[in-house]
Amino acid sequence: MTEENGIQAYPLYIRGDLSSPPNRGLWLIKWILAIPHFLVLFFLTIASFVVWFIAWWAILFTARYPRWMFNYIVGVMRWTWRVSFYAGVLGTDRYPPFSLASNDDYPADITVVYPERLSRLKVVFKFWLLAIPQYIVTYFFGGLGFALSIFAGIALLFTGRYRSDMFGAQMALNRWKWRVTGYISFLYDDYPPYEFDTRTG
C-alpha cells in the first residue's frame with residue numbers, strides 16, 4: 001500500500017466524476033456511439049494479452065515490470081474504464097478520447113503507482129490461485145452493475161437525476177473490479193481489499 005494524505009491508499013486509483021446532470025435520453029444510444037471505441041479496444045485488448053504474457057516472464061526472472069509494458073496495460077485499462085464510464089455507468093455525456101494516456105480533463109481516469117520491484121513467487125499464483133475468491137465476487141458484481149445502469153438510465157429518463165446512492169454503488173463495484181484487474185495483470189502485489197467503497201470522489 002502507498003500513503004495518501006497520511007492514509008493507506010491502494011496502488012490503483014480510479015476516478016469517476018459524475019456530470020451534473022447527464023442528458024435524460026442520451027444513455028439509450030451511448031452504446032451505439034461507443035462502437036468505434038469497442039472496435040479499437042478489441043484489438044488493444046488482444047495485444048494486451050501478449051504484453052501480459054511477456055511481462056509475466058519478465059517479472060519471474062527479474063522481479064521488475066518493464067515500464068513500457070506497464071504503461072501499455074494501464075493505458076488499455078484506462079481507455080476501457082472511460083468507455084465504461086460513458087456508456088455503462090452513464091456518469092458523463094462527454095465522449096471518451098481515443099487515447100491510452102492519462103487525462104485530468106476527462107471525468108474518468110485510472111492511475112497506478114509503478115512498482116520498483118514485484119514478488120517473483122506471487123506472480124506465479126496471482127492470476128489463478130490467489131485471485132479465485134475475487135473472481136467469484138466480481139462475477140456476481142457484473143450482473144449487479146448492469147442492473148444499476150438500467151435503473152439509473154430509467155431514473156434519468158423520468159426524473160433527470162442520477163441518484164447519488166446508485167452512482168456510489170457503481171463506483172464501488174468498478175473500484176473493486178479494477179483493483180482485481182490490476183492485481184491479476186501483475187501491476188502490484190497488494191491483494192485487493194474486500195471492501196465496498198462507495199466514495200464518489
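This is a predicted model: local features need pLDDT of at least 70, side-chain atom pairs count only at pLDDT 80 or more; totals for chains, interfaces and linings use all residues.
Author: Two residues are said to be in contact when heavy atoms of theirs lie within 4.5 Å of each other.

Reader: Which residues in helix 2 and helix 4 meet?

Author: On the side of helix 2 they are W52, W56, I59 and L60, and on the side of helix 4 they are V123, V124 and F127. Sorted by class, this contact holds seven nonpolar residues, with no polar and no charged ones. The axes of helix 2 (residues 35-62) and helix 4 come within 9 Å and cross at roughly 145°.

Reader: What share of the residues in the protein chain is buried, and what share of the contacts links residues 24 or more positions apart?

Author: Burial is read from relative accessible area, with buried meaning under 20%. Buried residues make up 45% of the 201 residues. Among contacts with a separation of 6 or more, 73% are between residues 24 or more positions apart.

Reader: How should I read a crossing angle, and what is the angle between helix 3 and helix 6?

Author: An angle over 145 degrees counts as roughly antiparallel. The axes of helix 3 (residues 67-87) and helix 6 (residues 164-184) come within 12 Å and cross at roughly 160°. The two helices are therefore roughly antiparallel to each other. Their crossing is right-handed.

Reader: Which residues make the contact of helix 3 with helix 6, and how do they divide by class?

Author: Helix 3 contributes M77, T80, W81, S84 and F85, while helix 6 contributes F167, M171, N174, W178, T181 and G182. By class there are six nonpolar and five polar residues, and no charged ones.

Reader: At what angle do the axes of helix 4 and helix 5 cross?

Author: The axes of helix 4 and helix 5 (residues 132-159) come within 6 Å and cross at roughly 40°, which makes helix 4 oblique to helix 5. The contact is formed by F127, W128, L129 and L130 of helix 4 with I132, P133 and Y135 of helix 5. Its residues are seven nonpolar, no polar and no charged.

Reader: Let us turn to single residues. Is K126 buried or exposed?

Author: K126 has a relative accessible area of 1%, so it is buried. This lysine is found in helix 4 (residues 122-130). Apart from neighbours within four places in sequence, K126 is in contact with L118, A131, Y183, I184, F186, Y188 and D189.

Reader: F186 is among those partners of K126. What is the phi of F186, and where is the residue placed?

Author: Phi of F186 is near 70°, a positive value in a residue other than glycine. F186 sits in the segment after helix 6 and is buried, with a relative accessible area of 0%. L90 also has a positive phi, near 65°. The place of L90 is the loop between helix 3 and strand 4 (108-112), and at 3% relative accessibility L90 counts as buried.

Reader: Which residues does a cis peptide bond join?

Author: The cis bond joins S20 and P21, with omega about -20°. P21 is found in the loop between strand 3 (12-16) and helix 1 (30-33).

Reader: What are the relative accessible areas of the glycines G75 and G143?

Author: G75, in helix 3, is buried at 0%. G143, in helix 5, is partly exposed at 47%. The C-alpha atoms of G75 and Y65, 10 residues apart along the chain, are separated by 15 Å. G143 and V74 are 69 residues apart in sequence, and their C-alpha atoms are 25 Å apart in space.

Methods:
Residues are numbered from 1 along each chain as its sequence is written. Side-chain values use heavy atoms; hydrogens and water are left out. Axes are lines fitted to C-alpha atoms, for helices over the stretch in contact, and angles run from 0 to 180 degrees between N-to-C directions. Helices (H or I, at least four residues) and strands (E, at least two) are DSSP runs, numbered from the N terminus. Angles under 35 degrees count as roughly parallel, over 145 as roughly antiparallel, 65 to 115 as roughly perpendicular and the rest as oblique. A crossing is left-handed if the near helix is turned anticlockwise from the far one by less than a right angle, and right-handed if clockwise. Ala, Val, Leu, Ile, Met, Phe, Trp, Tyr, Cys and Pro count as nonpolar, Asp, Glu, Lys and Arg as charged, and the others, Gly among them, as polar. Buried means under 20% relative accessible area, exposed over 50%, partly exposed in between (1.4 Å probe, protein chains only).
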